[in-house]
Amino acid sequence: MLDENAQTELTKTMSGRDVAQAGALCYRRNENGGVEILFVGSRRNGRWGIPKGHVEGGEVSSAAALREAFEEAGVAGIVDKTVFGTFSYRKDTSSNRYHVAVHLLQVSKIADKFPEKDVRKTRWFPLETALREAAQPGLRMLLSQLECVGV
């Protein structure tokens, strides 16, 4: 796991075709104590993933992850400042490679209105289903590690 300073340095060294992003792995416990994961649908292809996006200048990745979670899914909660893990992916329409620093976010609030409400679908999945539905292989790997850390 990278701390915030290491992540900031990583962000500074990436340029050109490498793009730094932050993502929020949003979770909650259901009434039976099981873990549920919140996914958002891609605007391009509808595939399921986590809220993620660019880290703004001077912003730490945990703050960016929290911001993206609200903008894309309308959720707020407690974000872990430590990077839980990372994954990389390419978009179908771009030659860029996106590197995502993922933070755990324990959801405590869901807003009725949020910036991308009309352009994104959101859905809660039991962890076992989320493992199958996640679009990126790297995200599936991170999801498989959740049980090991006691989430």
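A pocket here is an open set of grid points with protein on both sides within 12 Å along at least five of seven lines. Keep in mind that this is a predicted model.

The largest pocket holds about 490 Å³ of space. It is lined by 25 residues, and those closest to its centre are Ser-42, Arg-44, Lys-52, Tyr-89 and Lys-91. Strand 3 (48-49), strand 4 (52-54), helix 2 (61-73) and strand 6 (85-90) each give two or more residues to the lining. By class, the lining has 12 charged residues, seven polar and six nonpolar.

Next, the salt bridges. The count is seven. Side chains of opposite charge can pair when their charged atoms come close.

One group is a network that links Glu-56, Glu-59, Arg-67, Glu-68 and Glu-71. Within it, Arg-67 and Glu-68 form a salt bridge whose closest N and O atoms are 2.9 Å apart. Glu-68 is at 6% relative accessibility, which is under 20%, so this residue counts as buried. Arg-67, at 22%, is partly exposed.

Then there is Arg-120. What does Arg-120 form with Glu-72? A salt bridge, with the closest N and O atoms 3.5 Å apart. That pair links distant parts of the chain: Glu-72 sits in helix 2, and Arg-120 in the loop between strand 7 (97-110) and strand 8 (122-126), 48 residues apart. Arg-120 also meets Glu-116 in a salt bridge, at 2.6 Å from N to O.

On accessibility, Arg-120 is buried at 16%, Glu-72 is buried at 4%, and Glu-116 is buried at 14%.

Note on methods
Residues are numbered from 1 along each chain as its sequence is written. This is a predicted model: local features need pLDDT of at least 70, side-chain atom pairs count only at pLDDT 80 or more; totals for chains, interfaces and linings use all residues. Side-chain values use heavy atoms; hydrogens and water are left out. On a 1 Å grid over the protein atoms alone, a cavity is a set of points where a 1.4 Å probe fits but cannot get out, and a pocket is an open set with protein on both sides within 12 Å along at least five of seven lines; lining residues have an atom within 4 Å of a point. Grid points are joined across faces, edges and corners, and a volume is the space filled by probe spheres set on the points. Helices (H or I, at least four residues) and strands (E, at least two) are DSSP runs, numbered from the N terminus. Ala, Val, Leu, Ile, Met, Phe, Trp, Tyr, Cys and Pro count as nonpolar, Asp, Glu, Lys and Arg as charged, and the others, Gly among them, as polar. A salt bridge is a side-chain nitrogen of Lys or Arg within 4 Å of a carboxyl oxygen of Asp or Glu. Buried means under 20% relative accessible area, exposed over 50%, partly exposed in between (1.4 Å probe, protein chains only).
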